[in-house]
Amino acid sequence: MKKVLLAFILCILASQVAFGQAVKVSLGVNGGGIATQMMTKPKPSNPMYISGYGGAFASIHLGNAFTIRGAANYAMQGGTYEENSADIKVTQSYLQVPVTLLLNAGRTISFEVGLVQNILLQSKFEEVGSSGSHIESPDPGALKYNFGAVGGICINMGKVVFLNLRYCYGLSKAYVIHGEGYPTSSITAGLGFNIFTSKKSAF
């Protein structure tokens, strides 16, 4: 978490030195759907676990070419699978902190790359079998921290609204089954709304 925030601050300072031009700052809210795949063994019985996310973001526009965007989102993830004739469902809620760099290819489309830090807030393990049901909360298999690489596309639908399509691939372990740790991957599709915009000189 500290490394991500430090990298974000360093990117801002470096960009101000590199670009002696106007810097526009935007604040807003975003939200949408998220499809998560737990890359565990055994494999989940459903290909994707569908849920949602929402939160707030800040964007620093460096001229017309680049944008640095950071966000704090509440997101739900999880998965279901079968083991020893039992149905197992795991769910987690996270505080997600993505920090991305956007390359603006004109006024409409931007391509983004970056990192996301996931901080576990809540988790639950549910097992239903012939002998009954078993629930654990918090789930001992859910790790408190994990992070991943982010890539995506942003489509501006005017000055206020934009569509964000993003893929995240886990670079660290997010869930442990029988002593083995596994990452997760996710696809998100959502809308962002610029609520406040200011403009000032970089120097």
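Visitor: Which residue lies over the face of Phe57?

Guide: A charge sits over a ring if NZ of Lys or CZ of Arg is within 6 Å of the ring centre and within 35 degrees of the ring normal. In this predicted model, Arg69 lies over the face of Phe57, at 5.4 Å from the ring centre. The charged end of Arg69 also sits over the ring of Phe162, 4.5 Å from the centre of that ring.

Visitor: Before we go on, what should I know about the numbering and the values?

Guide: Residues are numbered from 1 along each chain as its sequence is written, and side-chain values use heavy atoms, with hydrogens and water left out. As this is a predicted model, local features need pLDDT of at least 70 and side-chain atom pairs count only at pLDDT 80 or more, while totals for chains, interfaces and linings use all residues.

Visitor: How many aromatic pairs are there?

Guide: A pair of aromatic rings is described by the distance of the centres and the angle of the planes. Rings of Phe, Tyr and Trp (its six-membered ring) pair if their centres lie within 6.5 Å; planes under 30 degrees apart count as stacked, over 60 as edge-to-face and the rest as tilted. The count here is one aromatic pair. The ring centres of Phe57 and Phe162 are 5.5 Å apart and their planes stand at 75°, so the pair is edge-to-face. Phe57 belongs to strand 2 (residues 49–62) and Phe162 to strand 8, so the pair ties together parts that are 105 residues apart in sequence. Strands (E, at least two residues) and helices (H or I, at least four) are DSSP runs, numbered from the N terminus.

Visitor: Is Phe57 buried or exposed?

Guide: Buried means under 20% relative accessible area, exposed over 50%, and partly exposed in between (1.4 Å probe, protein chains only). Phe57 counts as buried at 4% relative accessibility, and Phe162 is buried with a relative accessible area of 3%. Of the 203 residues of the protein chain, 40% count as buried.

Visitor: Which residue forms a salt bridge with Glu112?

Guide: Side chains of opposite charge can pair when their charged atoms come close. The rule for a salt bridge is a side-chain nitrogen of Lys or Arg within 4 Å of a carboxyl oxygen of Asp or Glu. The structure holds one salt bridge: Glu112 pairs with Arg166, and their closest N and O atoms are 2.9 Å apart. Glu112 lies in strand 5 (residues 109–129) and Arg166 in strand 8 (residues 161–170), so this pair ties together parts that are 54 residues apart in sequence. Glu112 counts as buried at 2% relative accessibility, and Arg166 counts as buried at 17%.

Visitor: What about the backbone: where is the cis peptide bond?

Guide: Most residues other than glycine have a negative phi, and most peptide bonds are trans. The bond from Ser137 to Pro138 is cis, with omega near 10°, and Pro138 lies in the loop between strand 6 (132–136) and strand 7. His178 has a positive phi of about 50° although it is not a glycine. His178 is placed in the loop between strand 9 (175–177) and strand 10 (180–182), and it is exposed, with a relative accessible area of 65%.

Visitor: How many helices and strands does the protein chain have?

Guide: The protein chain has one helix and 11 strands.
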